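Colleague: Could you pick one part of this model and take me through it up close? I'd like the residue-level picture, with the cut-offs spelled out as you go.

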Amino acid sequence: MGRVVLLLIIGFLVYLALRGFLRTQTRGGEPATRDVKGEDMVACARCGVHLPRSEARSEAGAYICQDNPRCRAP
Ligand SMILES: [Zn+2]
C-alpha cells in the first residue's frame with residue numbers, strides 16, 4: 001500500500017515538473033515585459049520613484065510615471 005502512495009506522489013511531482021517545463025517553453029518566444037520577476041525597474045526622471053518599465057512612459061528618452069498623480073517636477 002505504501003508503494004502505491006509513493007508512486008502517486010512521484011507521478012504528481014512529475015506532472016508538476018512537466019507542467020512547469022511546458023509553461024516556460026510556451027513563454028519562451030514572448031517578450032518578458034509583463035513578467036514581474038524579470039522586469040526592469042526604472043527611475044522616474046521627475047520624482048525619482050522606481051517603478052516597473054511597463055508602468056512608465058517614455059518621454060524624450062527618459063522614463064516618467066504613467067499614472068502617479070503626485071509625480072510632478074520638483
Ligand atoms: Zn514620477
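Modeller: Let me come in from the surface. Met1, Val5, Ile9, Phe12, Leu13, Tyr15 and Leu16 make up a nonpolar surface patch with about 740 Å² of accessible area together (Shrake-Rupley method, 1.4 Å probe, with only the protein chains shown counting as cover for residues). Patch members have over 30% relative accessible area and no salt bridge; nonpolar side chains (Val, Leu, Ile, Met, Phe, Trp, Tyr) are joined within 5 Å, like charges within 9 Å. Keep in mind that this is a predicted model, where local features need pLDDT of at least 70 and side-chain atom pairs count only at pLDDT 80 or more, while totals for chains, interfaces and linings use all residues. Residues are numbered from 1 along each chain as its sequence is written, and side-chain values use heavy atoms, leaving out hydrogens and water.

Leu16 is partly exposed at 34% relative accessible area (buried is under 20%, exposed over 50%, partly exposed in between, with a 1.4 Å probe and protein chains only).

Now the part I'd really look at: the zinc site. Four SG atoms, from Cys44, Cys47, Cys65 and Cys71, lie 2.2 to 2.4 Å from the zinc ion as its protein donors (N, O and S atoms count within 2.8 Å of the metal, or 3.2 Å for Na, K and Ca; water is not among the atoms, so sites may look incomplete). The angles among the four donor atoms run from 104 to 116°, so the site is tetrahedral (for four donors, all angles must lie between 85 and 135 degrees). Along the sequence, the donor residues follow C-x2-C-x17-C-x5-C. Cys47 and Cys71 link distant parts of the chain, 24 residues apart: Cys47 is in the loop between β1 (41-43) and β2 (50-52), and Cys71 in the segment after β4 (62-65). Cys47 is partly exposed, at 32% relative accessible area, but Cys71 is buried, at 2%.

Arg46 makes a salt bridge with Glu59, with 3.6 Å between the closest N and O atoms (a side-chain nitrogen of Lys or Arg within 4 Å of a carboxyl oxygen of Asp or Glu). That pair spans 13 residues, from Arg46 in the loop between β1 and β2 to Glu59 in strand β3. Glu59 also bridges to Arg57, where the closest N and O atoms are 2.6 Å apart. Arg46 is partly exposed at 28%, as are Arg57 at 31% and Glu59 at 33%.

The whole structure has three salt bridges. One of them joins Arg53 and Asp40, at 3.5 Å from N to O, and it connects the loop between β2 and β3 (56-59) with the loop between α1 and β1, 13 residues apart. Arg53 is partly exposed at 40%, and Asp40 at 41%.

Glu39 is in the loop between α1 and β1 too, but Glu39 counts as buried at 16% relative accessibility. Its side chain has a 2.6 Å polar contact with that of Ser54 (N or O atoms within 3.5 Å; within protein, one able to donate a hydrogen and the other to accept it, with sequence neighbours counting only if both atoms are side-chain atoms). The C-alpha atoms of Glu39 and Pro52 are 6.5 Å apart, across 13 residues of chain.

Conventions
Tetrahedral: all angles 85-135°; square planar, octahedral: opposite > 155°, others 65-115°. Helix = DSSP H or I, 4+ residues; strand = E, 2+ residues; numbered from the N terminus.
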